[in-house]
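Work through the exercises below with the sequence and the model open.

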Amino acid sequence: MRILIFGGSVFLSRAITLTALDRGHEVTTFNRGQSGSDLPGAEVVRGDRAVSDDLERLVAGREWDAVIDVSGRVPRVVGESVRLLSGRAGTYAFISSISAIAEFGAKPVDEGSPLFACPSDAAEGEYGALKAGCERAVEEGFPGNRLIVQPGLILGPDENVGRLPWWLTRISHGGQVLAPGDPARAMQVIDVRDLAAFVVDQVEAGTSDRFLASGVPANVTYGEWLAACAEVTGADAEFVWASDEFLLGKDVQPWTELPLWAPLMPGFEHVWEPSSAKALAAGLRCRPVAETVRDTWEWLREIPEAERSFGTAMLNHGIAPEKEAAILAEWLARPA
């Protein structure tokens, strides 16, 4: 197949590109060349999708069997891509997010759950709402041949969000490690390579449908996840589990300061309960989480610690060492 990929050099878009190339497809990637590196074997077109002239240059004289849009975040920009590719591509596959679902976290969700109300031509807004608007832009432009995939929590090698890399780095230092909440809290995560394989599978099949893809329900507990980090790093780490209530009282930010900590509070109580039943029935295959942790550490350990990224300029993951130390001391000194 001839496949156009918006992105192609970072995390999920890189994994999708690699999967498509490994299967013998002719791949064109379109990106600004400002993050990640290009994969050998792909035709690389430089440009900014928010610039109409760049998009016009991309599509001039080209056609594809499928488009996989991993980088779309603004409905108006995605809508322009859809308009120009209509008639030049067979299937338009859009990688959305579980965050596009309005009730995510507050309720168990699936493909039928309502999205945020965001128009298909919106130019600004919150991340989840914008993703919902992007979905509408794709559905309007490719009504009979669009694939929408809403991933859940993605982990794995090349992670550029910094959640698992932060935990691996912190645990590798050893010593007492502040661990949040209940170690038996069940999670649901998906390996980036398994998600990439599922997306390419559906594109190859010409599927026009919608899938929530968040992995196998309860495929790991928080305690098992951190224990896997300690095992692969070989660190002499002692986990000190502090309660949700205590950590919230110390102004520890859920999800970010202790990455993926989802305390049992409004908006977080059902974070780990989305349904991937439809995707699993359609062929989604998920490796053990311990394998994801191991392979991520093998990738991360080749990066000097000073050069590791734990997020972006707008959102960095991980608690400051001095704040962690102070909370540990107070938790351990509390009356029995």
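**Exercise 1: Helix α6**

The buried residues of α6 are Val 192, Asp 194, Leu 195, Ala 196, Ala 197, Phe 198, Val 199, Val 200, Asp 201, Gln 202 and Val 203. Buried stands for under 20% relative accessible area, exposed for over 50%, and partly exposed for values in between (1.4 Å probe, protein chains only). The model is predicted: local features need pLDDT of at least 70, side-chain atom pairs count only at pLDDT 80 or more, and totals for chains, interfaces and linings use all residues. Residues are numbered from 1 along each chain as its sequence is written, and side-chain values use heavy atoms, with hydrogens and water left out.

Task: state how many residues of α6 are buried, check the span of the helix, and describe what stands at its start and after it.

Step 1. Helices (H or I, at least four residues) and strands (E, at least two) are DSSP runs, numbered from the N terminus. Of the 13 residues of α6, 11 are buried, so the helix is mostly covered.

Step 2. The expected span of a helix is 1.5 Å times one less than its number of residues. For the 13 residues of α6 this gives 18 Å, which agrees with the 18 Å between its end C-alpha atoms.

Step 3. At the start of α6, a side-chain oxygen of Asp 191 comes to within 2.8 Å of the backbone nitrogen of Arg 193. This is a polar contact, defined as a pair of N or O atoms within 3.5 Å; within protein, one must be able to donate a hydrogen and the other to accept it, and residues adjacent in sequence count only if both atoms are side-chain atoms.

Step 4. Gly 206 follows α6 and has a positive phi, near 70°.

**Exercise 2: Salt bridges**

Task: find the salt-bridge partners of Asp 191, then examine the pair formed by Lys 250 and Glu 330.

Step 1. A salt bridge is a side-chain nitrogen of Lys or Arg within 4 Å of a carboxyl oxygen of Asp or Glu. The structure holds 24 of them.

Step 2. Asp 191 forms a salt bridge with Arg 193 (2.8 Å, N to O). Asp 191 is buried at 2% relative accessible area, whereas Arg 193 is partly exposed at 25%.

Step 3. Asp 191 also meets Arg 287 in a salt bridge (3.8 Å, N to O). Asp 191 lies in strand β10 (residues 189-191) and Arg 287 in the loop between α9 (277-281) and α10 (289-300), so this pair ties together parts 96 residues apart in sequence. Arg 287 is partly exposed, at 24%.

Step 4. Lys 250 and Glu 330 form a salt bridge (2.5 Å, N to O). Lys 250 is in the loop between α8 (244-249) and β14, and Glu 330 is in helix α11 (residues 321-332), 80 residues apart. Both are partly exposed: Lys 250 at 30% and Glu 330 at 40%.

Step 5. Salt bridges with shared partners join Asp 191, Arg 193, Asp 194, Arg 287, Glu 291, Arg 294 and Asp 295 into one network.

**Exercise 3: Ser 97**

Task: locate Ser 97 and list what it touches.

Step 1. Ser 97 is in the loop between β5 and α4 (127-141) and is buried, at 7% relative accessibility.

Step 2. A polar atom of the Ser 97 side chain lies 2.9 Å from the backbone nitrogen of Ser 99.

Step 3. Leaving out residues up to four places away in sequence, Ser 97 touches Tyr 127, Lys 131, Val 149, Gln 150 and Pro 151.

Notes
Contact = heavy atoms within 4.5 Å.
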